[in-house]
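I opened the notebook to go through this chain one feature at a time. The entries follow the order in which I looked things up.

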Amino acid sequence: MAGPKPTRVSNRIRDLRTERDLTQAELAMRLGVTRQTIIAIEQGRYSPSLEMAFQIAHELQLPLDQVFQYKGDDAN
């Protein structure tokens, strides 16, 4: 049996976070989630809710589409 299907949502959180000298723990604290949640989102193992995605973008001071990208069925 296959494992969980990987998310089609990719993100630049790790790069954007490190550019801002923000640790996973600091971002997690600001969002009210665990560091493990941030790790899972960064690695594409978990897609955040729409609300959390907007909160992450807000903390990184960028529009949502500069943090997250969606790879649909027609993506190569």
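Is Glu 19 buried or exposed? I looked it up: Glu 19 counts as exposed, at 56% relative accessibility. My cut-offs are under 20% relative accessible area for buried and over 50% for exposed, with partly exposed in between (1.4 Å probe, protein chains only). Arg 20 is partly exposed at 32%. The side chains of Glu 19 and Arg 20 meet in a salt bridge, 3.6 Å from N to O. I call it a salt bridge when a side-chain nitrogen of Lys or Arg lies within 4 Å of a carboxyl oxygen of Asp or Glu.

**Entry: ground rules**

I note that this is a predicted model, where local features need pLDDT of at least 70, side-chain atom pairs count only at pLDDT 80 or more, and totals for chains, interfaces and linings use all residues. Residues are numbered from 1 along each chain as its sequence is written, and side-chain values use heavy atoms, with hydrogens and water left out.

**Entry: the overall layout**

I read 4 helices and 2 strands in the chain. Helices (H or I, at least four residues) and strands (E, at least two) are DSSP runs, numbered from the N terminus. Along the sequence the pattern is β-α-α-α-α-β. The chain has 76 residues, and buried residues make up 32% of them. The chain exposes about 5500 Å², and carbon and sulfur atoms supply 51% of that area. These areas come from the Shrake-Rupley method with a 1.4 Å probe; for residues, only the protein chains shown count as cover.

I then checked the contacts, meaning heavy atoms within 4.5 Å. Among contacts between residues at least 6 apart in sequence, 58% join residues at least 24 apart.

**Entry: the other salt bridges**

How many salt bridges does the rule give? The count comes to 3. Glu 42 lies in helix H3 (residues 35–42) and Arg 17 in helix H1 (residues 13–19), so the pair ties together parts that are 25 residues apart in sequence. Glu 42 counts as buried at 15% relative accessibility. Arg 17 is buried too, at 6%.

Next I took Glu 59 and Arg 30. Their closest N and O atoms are 3.3 Å apart. This pair links distant parts of the chain: Glu 59 is in helix H4 (residues 50–59) and Arg 30 in helix H2 (residues 24–31), 29 residues apart. Glu 59 is partly exposed at 22%. Arg 30 is partly exposed at 49%.

**Entry: helix H3 and its cover**

Which residues of H3 are buried? I listed Ile 38, Ile 39, Ala 40, Ile 41 and Glu 42. Their cover includes strand E1 (9–11), H1, H2, H4 and strand E2 (68–70). After H3 comes Gly 44, with a positive phi near 75°.

**Entry: H2 against H3**

I looked at how these helices pack. The angle between H2 and H3 is about 110°, and their axes are 8 Å apart. That makes H2 roughly perpendicular to H3. Axes are lines fitted to C-alpha atoms, for helices over the stretch in contact, and angles run from 0 to 180 degrees between N-to-C directions. Roughly perpendicular covers 65 to 115 degrees; under 35 is roughly parallel, over 145 roughly antiparallel, and the rest oblique.

From H2, Gln 24, Ala 25, Leu 27, Ala 28 and Leu 31 meet Arg 35, Ile 38, Ile 39 and Glu 42 of H3. I sorted the residues of this contact into 6 nonpolar, 1 polar and 2 charged. In that sorting, Ala, Val, Leu, Ile, Met, Phe, Trp, Tyr, Cys and Pro count as nonpolar, Asp, Glu, Lys and Arg as charged, and the others, Gly among them, as polar.

**Entry: Ile 56**

I placed Ile 56 in helix H4. Ile 56 is buried, at 0% relative accessibility. Leaving aside neighbours within four places in sequence, Ile 56 is in contact with Ile 13, Leu 31, Ile 41, Val 67 and Phe 68. I also checked Ile 56 against Arg 17: the two are 39 residues apart along the chain, and their C-alpha atoms are separated by 9.9 Å.

**Entry: Gln 69**

Where is Gln 69 found? I found Gln 69 in strand E2. Gln 69 is partly exposed, at 30%. Ser 10 is 59 residues away from Gln 69 in sequence, yet the two are 5.2 Å apart, C-alpha to C-alpha. Not counting residues up to four places away in sequence, Gln 69 touches Arg 8, Val 9, Ser 10, Asn 11 and Arg 12.
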